[in-house]
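Let us work through this model by question and answer. Have the sequence and coordinates open.

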Amino acid sequence: MGIQSEDIILIRPPEKAGEPSVITVNCPDKTGLGCDLCRIIFFFGLSIVRGDVSTDGKWCYIVFWVTGKRKTRWNVLKKRLLEACPSCSSASGMYYYSSIENQPPKEPDLFLLKLSAVDRRGLLHDVTEVLCALELTVRRVKVSTTPDGTVMDLFFITDTRQLLHARNRQEETQDQLRNVLGDSFIDCTIELADVEVTTCSQSASFLPPAILGQMFCLEMPEEPEGSSRSTNTFSVSMDNSLSPSHTLIQILCQDHKGLLYDIMRTLKDYNIQISYGRFSANRSGKCEVDLFVMQTDGKKIVDPNKQKALSSRLRMELFRPLRVTVVNRGPDSELLVVNPVELSGKGRPLVFYDITLALKILDTCIFSAEIGRHVIGDREWEVYRILLDEGALRLVPREKIEEEVTKMLMGWE
C-alpha cells in the first residue's frame, strides 16, 4: 500500500476568517520529528494554537492548527515540511515506509555575505528580513559602523534551498537587498566561506564572569511576589499509572512564541519518543499539554532522577527559553540575548530578526552586532551581543529596551 507524495503533507486554509489553517503530516516516524516540524513552522512566522500527535513507533499522524502571517508561502512551507520527514522509498511518485535508518543530514555549506551600506535606523532589520524571506539562515554576524557612517556587515549564512553556489541565486539575493535598501545600498558580495574564515567566525568573544552567572543559570529564578510571570503558573508533572507502557507528561503554562518547539526540542535532546499527544492554547494565553512518551528502549521513565532532570529542564525551558539583559560595556551599553542550542546544533529561529525589529520599533540604533556560540557547563548557547548607539539609553531607558525585546521574542502583546 503506497501513499502519494502530495498526501504526506496536507495544508487546509481556514474555512472562515479568523480561523486557523490546518497542517496534516502523515509519514514515517523518528525521534525528534515533532521538534523538526515545529521548528520549520516557527521559522515561517506561524503560531501553533493546537496540535495532535499519534504514532505506532513506525508511522505517525500529526495535525497542527496554525495562525500567523497572511502572506505565508504555503507551497514553500509544504516543501520544507516534506523535506523534514524521514525519507521514503519512492516509485513513480508513490511513497511507502522504509525501515532503513536515515543517514544524518549533511551540514550545509557556510557562505560569507559582505554588505556595505550607508547607516540608517532599522537598516540591520531590513537586511535580516530580506535574508529570512529568501530562506537564508544567519549563523554568525559581525556588524560595524565606521566614523563616516558607513556600515560593513559580515553575515555567515546557510541556504535552506542549497542553491547559493549558483550565480542566479546570489544575484537574486543581491537584487533583493538593493531594492529594499535603496539609496543606502553600496555593495554586496557573496562567497563560500573558506576554512580559515569559518574557524575565525566560530571563535566566540570573551564573556565577563558576572554575565556568565546571570545569563546561563539553570536554576529557576525567584519571582517577586505578585509577578505576572510567577513560577506558580508553570506545572510539569509525570504519571506512570495511566498507561502500561507510557509515561504521561502533563504541562500547564503560559503561551509564548515557539512554545511547542521548546517542549519538543527538550524531549528530542533527551531522546524521548512521543506516542500520543495533545496541545491547546486558549485566548487567555494558557496552554495545556498532554504527552504519552517512552524512552528509546521502549520503556517508561521510571527512574526518579531522570524524571526530576527532565521535569526541571522542561520547567526552565518554558519559563526562560531566552534570557535578555542590557549591561554596561565600558562607557557604552550592550544588549545581550542568550538561548540554548539543540544538541543537533540548530539554533532558535528568528531571534536576530525579532531583536532587530524590536530595536527598529524603539528607534534605537545599533552600533555593532555579533552572534557567537559558547559552551557553558554541558550545554551550547547562542549569544547575541548588540552594542547600542551611545545615545540610545538617553532616549529609551534600559528597562524599556529589555521589556520590548523580550516581548518581541516571546510574542507577547
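Student: What should I know about the model before we start?
Tutor: This is a predicted model: local features need pLDDT of at least 70, side-chain atom pairs count only at pLDDT 80 or more, and totals for chains, interfaces and linings use all residues. Residues are numbered from 1 along each chain as its sequence is written, and side-chain values use heavy atoms, with hydrogens and water left out.

Student: How many helices and strands does the chain have?
Tutor: Helices (H or I, at least four residues) and strands (E, at least two) are DSSP runs, numbered from the N terminus. On that basis the chain has 11 helices and 19 strands.

Student: What percentage of the chain's residues count as buried?
Tutor: Buried means under 20% relative accessible area, exposed over 50%, and partly exposed in between (1.4 Å probe, protein chains only). The chain has 413 residues, and the buried share is 48%.

Student: Which residues have the most contacts inside the largest nonpolar core?
Tutor: A nonpolar core is a set of buried Ala, Val, Leu, Ile, Met, Phe, Trp, Tyr and Cys residues joined through side-chain atoms within 4.5 Å. The largest has 53 residues. Helix α1 (residues 33-43) gives the largest share of this core, eight residues. The most contacts inside the core belong to Phe64, Ile249, Ile251 and Ile263.

Student: Is α1 mostly covered or mostly open, and what covers its buried residues?
Tutor: α1 is mostly covered, with 11 of its 11 residues buried. Among them are Arg39 and Asp36. Their cover includes β3 (21-28), β4 (46-55), β5 (59-68), α2 (74-84), α3 and α7 (259-269).

Student: Which residues does Ile251 contact, leaving aside its neighbours within four places in sequence?
Tutor: Contact means heavy atoms within 4.5 Å. With those neighbours set aside, Ile251 is in contact with Ser235, Val236, Ile263, Cys287, Glu288, Val289, Leu314 and Leu318.

Student: What handedness does the crossing of α3 and α4 have?
Tutor: The axes of α3 (residues 123-133) and α4 (residues 167-181) come within 10 Å and cross at roughly 145°. Axes are lines fitted to C-alpha atoms, for helices over the stretch in contact, and angles run from 0 to 180 degrees between N-to-C directions. A crossing is left-handed if the near helix is turned anticlockwise from the far one by less than a right angle, and right-handed if clockwise. For α3 passing α4, the crossing is right-handed.

Student: What handedness does the crossing of α3 and α9 have?
Tutor: Helix α9 spans residues 351-361, and its axis comes within 9 Å of that of α3, crossing at roughly 145°. The contact includes His125 and Glu129 of α3 and Tyr353 and Lys360 of α9. This crossing is left-handed.

Student: Which class does the aromatic pair of Tyr276 and Phe292 fall in?
Tutor: Rings of Phe, Tyr and Trp (its six-membered ring) pair if their centres lie within 6.5 Å; planes under 30 degrees apart count as stacked, over 60 as edge-to-face and the rest as tilted. Here the centres are 6.3 Å apart, with 45° between the planes. The pair is tilted.

Student: Why does this pair tie together parts apart in sequence, and how many residues apart are they?
Tutor: Tyr276 is partly exposed at 32% relative accessible area, and Phe292 is partly exposed at 22%. Tyr276 lies in strand β14 (residues 272-281) and Phe292 in strand β15 (residues 286-295), so the pair ties together parts whose separation in sequence is 16 residues.
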